[in-house]
Every structure is written in structure tokens, then in C-alpha cells.
Amino acid sequence: MHSHPEAADTLIVGAQLYDGTGVPPVERDIALRAGKIVAIGNLTNWLAEEIVEANGRALAPGFIDVHTHDDTAVIHSPQMLPKLTQGVTTVIVGNCGISAAPVTLSGAPPDPMNLLGSREAFCYPTFAAYVAAVNAARPAVNVAALVGHTALRSNQMAQLGRAASPAELARMSAQLEEALAQGALGLSSGLAYGSACAAPVAEIVALAQLLAAAGAIYTTHLRTEFDAILEAMEEAYQVGQQARVPVVISHLKCAGPANWGRGTEILASLEQARRLQPVGCDCYPYSRSSSTLDLKQVTGDIDITITWSQPHPGMAGKLLGEIAAHWQTSQLEAAQRLQPAGAVYHNMAEDDVRRILAHPATMIGSDGLPHDPLPHPRLWGAFPRVLGHYARDEGLLSLQDAVRKMTGLSARRFGLAQRGEVRVGYHADLVLFDQARVRDVATFDAPEQSAAGIDAVWVNGVLSYRDGQPGSERAGHFIARGARAASAVEVF
Ligand code: ZN
Ligand code: CU
């Protein structure tokens, strides 16, 4: 019998395949055709337009950055180099209660919506308008989006320092339902921020109840990550139970020196809750956080680096303590003068970060801030830092588990259909990296640097990054919420 060779667009041969499920790697060839993975195995008899020799390097599903603030960056900087260079092929935007859509501003964006850009950047009154803008921009990575609770509040409330009235809540609900019908992944909250902290749990539950019917998800930047974190976690579980929705706790951490060493305790709380309901978390691999400059966090017991200041741009890169000394004033007074401003807070203990990162329920999310002129290095380094520093160099977790936390787990939780694993029929979002060389290069002093060892990235089957250079074509698009697997508990 005579067998004809099969044909592919791209053949990746001799890879150590990390399939995204957490199983140990196996040597495989992979064939791509028309944006999909069409064969996995020993494919020596295949023909292809392009053959890539992996030579035993790691091939994994493209990384999914589950926690981003890339809402407007994907439209205004569609090359998305901070993410593409890390091997990220999909970003989830709209986290921490803030989203670019649906938004109609009546003035300047309230803190921390200003992390997404200035007033002009908010030009998507409906979620559908945002989807259209993403697809028109043709970003280099795929984009899926949550709707921010704070964004909904700012649409309907002139004053954010109180609970939403029943009429306001009804209008917020209508906007959320419309966005869910247009493909939103779910709802995010940022209850620690002044723009949302007056919202009672009932306000969140009322909105979250709309998620269940849609098969959507609730993510939350907890009401506090400081001393009362357990109570804040309880509140998140309560929302999940009452609204019958899966919960993701965003950037789980023990913030503030009084709270250091409690990683084991908060993970025990998470494990307890996981016996009863679908709940998980994400985490970035650094012991410093970053956001807008928050006076509540100016307590004098940690270092705070100023990353930008609207009235005093020259203070970027300096410690708040130094600035206060220079101005011969208190840190609080100096912080007030610097606002609006951005900051890096030296507010976690390394041991806690490691525990949370290694926990099986934890996904990787960068929480990178693309508009910051001196961004926290997580923007360019989060994923390779987990692979290189924490998995390979420190042995904190296996490489296959690190990959699972960036791919398979993330796609299942958020309902990103046919992504996150290397399987026949799945979208060809892939990253080829060198297990020996992969490493984050971005530092706090020089944060805008590509990672090392990320050798090639395919987005929807298109070679989008290779040997340090972006490809000629950008192949990302908006991804609507897909069906989450039947047993949500099992998935989590
Ligand atoms: Zn947050
Ligand atoms: Cu965030």
C-alpha cells in the first residue's frame, strides 16, 4: 500500500511537549494547519511549508495572562511586546474592578481606572464597541475581558463613596447582562479601592447573581490584603456561595509587615473553601506590589518607590522616604503632594510569595501596568520568572506544573474554549522556549526588557515572535466566553 504524506502549514519537530495539564513532558512533533493543531506524534512523514527544529526545547501552550490591565494597551499598542516576548498569547483584561468597557465617563477616570489611561482612552460605551475596537486593532495576542464593578459604578453614580441605590444597581445590572451577552468572561471587583470600598457585599452579590445563568465568573481584588485578609476572603466565598458562581481571588498576598508569615494560614482558608465551592486564585512572582499611590498604604513601615507623579514627574524612581526627607515633611504629606501618582510597595515576605505561587490552586497573572513609565518588572518578566527563577533555579515547582498554572488551569477556569492545552483540534497558540536559558531580564531599575529564552511564539497558528523579533503579521483577536467544563468544582 502506498501512503501519501500529510501536509501542514508548520511542523515543529523534536520538541519536549508540555501539554498544559501538568503531566511530565514527552518528545513529540506537532503539525499546525489553518490556525489549529492538526496532529501530535511522530510526524516524520509529514510535509510542511515551514519546519521548525525544536532540538529538545520545550513546547507549551501559549501562556494565558489571567490578570492584566491591558484593556486599552491591546488597542493602542497592538504589538503587545511586553506580553508576546514572554510567550503570552492571550491576555484577560478588566481586572480589579476596572475595565475599559462598558464605560461612559462624565469627567476624569476615578482612581484606579486611571491605570488604564486618561479620559480619552475610555471611548467604549458598550462592551460590543470594545470588542469591535480590539478586532479592528488586530493585536498580537488574543484578548478576553471581564467587566469591572467600579466601571459600572462610575457609569451610574456621581459619588462613589456610598452603596449603589436600587435604581443605580438596576442600571448596573442591565449593563452587565448586556456585556455578558456580548461575550464578557464575568465580573471583577476592586473592593480595596476608595471607588468601590463603600459597596456592601449585597451590591456585589446582586451583580454576581447575573453571572450564574451565563456560566461566567467572579474575580476579586479583596477588600483588604492586610490584617483582615481572612475576613475579606470569607466575603469573596460568600459572594460565590450566594450567587452560585466560581470565584478567583486576584493577586493573593499577605500585604504589610504585620501580616507577613500568614501564607500558610490564608492557604488553609482557601483549601477549606475549595471543599465547598469552586474558588481559586492568581499570583505574580514578586514580593513587591504596584498600583496607584494609596495614602492608606503610607504607613512608614515599608519602602515605597514612586513610579510616576502627575505634579512631580521628576520624582519617578525615588523612594517616598527620600522625597519626604528632601521636602522636609512627613511621608503622608509628601504622598499627598505627589498624587495622582503610581507606586511600588515593598510589602510582601518572600516566603509567603513562594507558598502561594506553589499552591496547586494558583494561576499565574502578571498584573502588569502597561501605562506606567517605570513599570513594575512583572509587566515584562512574570512568566519567564516563574519558569526560570522559581521552577528551574529554585526548584519551587516542576516545569510542567509551572506551565499548567499559565495555561490549562487558566483556560478551564475562565472558559477559554480550545485553548490552554496542546491537543488536536485546539487553537495553535504555542510557545517554544529553552528550558536552560529561559529567564526574566526585567528589573525594578530597568523594567522594560524582553525575557531570555523565549525562542518562538505562535498565535492562532501564525509565527508571531521568533529569536527576539516580532513577526510581520499580528494574529490575535477578541475571545468571547466559552462554555466552562460541566463540573466547575473539578475544574477549579
Ligand atoms: Zn488588584
Ligand atoms: Cu490588577
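The model is a predicted one, in which local features need pLDDT of at least 70 and side-chain atom pairs count only at pLDDT 80 or more, while totals for chains, interfaces and linings use all residues. Residues are numbered from 1 along each chain as its sequence is written, chains are lettered from A and ligands numbered from 1 in the order in which they are written, and side-chain values use heavy atoms, with hydrogens and water left out.

**Strand pairs**

Helices (H or I, at least four residues) and strands (E, at least two) are DSSP runs, numbered from the N terminus, and two strands pair if DSSP finds at least two bridges between them.

β19 and β20 form a hairpin with 2 residues between them, and Asn460 in the turn has a positive phi of about 50°. A hairpin is also formed by β20 and β21, with 2 residues between them, where Asp467 in the turn has a positive phi of about 50°.

The pair of β14 and β16 lies in an open sheet of 3 strands, which has the order β14-β16-β15 and antiparallel pairing. From one strand to the next the twist averages 20°.

**Helix contacts**

Axes are lines fitted to C-alpha atoms, for helices over the stretch in contact, and angles run from 0 to 180 degrees between N-to-C directions. Helix α7 (residues 229-243) and helix α8 (residues 263-274) have axes that come within 10 Å and cross at roughly 20°, which makes α7 roughly parallel to α8; angles under 35 degrees count as roughly parallel, over 145 as roughly antiparallel, 65 to 115 as roughly perpendicular and the rest as oblique. Contact here means heavy atoms within 4.5 Å, and Ile229, Leu230, Met233 and Tyr237 in α7 meet Glu265, Ile266, Ser269, Leu270 and Ala273 in α8.

Helix α6 (residues 201-214) packs against α7 at an angle of about 45°, with their axes 8 Å apart, and α6 and α7 are therefore oblique to each other. In this contact Val201, Ile204, Val205, Ala208, Gln209 and Ala212 in α6 meet Glu235, Gln238, Val239, Gln242 and Ala243 in α7.

**Metal ions**

The zinc ion (ligand 1) is coordinated by Cys96 (SG), His221 (ND1) and His251 (NE2), at 2.0 to 2.1 Å; donors are N, O and S atoms within 2.8 Å of the metal (3.2 Å for Na, K and Ca), and water is not among the atoms, so sites may look incomplete. Along the chain the donors of the zinc ion (ligand 1) follow the spacing C-x124-H-x29-H. Cys96 lies in the loop between β7 (88-93) and α3 (127-137) and His221 in strand β11 (residues 217-221), 125 residues apart, and the pair links distant parts of the chain. Cys96 coordinates both the zinc ion (ligand 1) and the copper ion (ligand 2), which are 3.2 Å apart.
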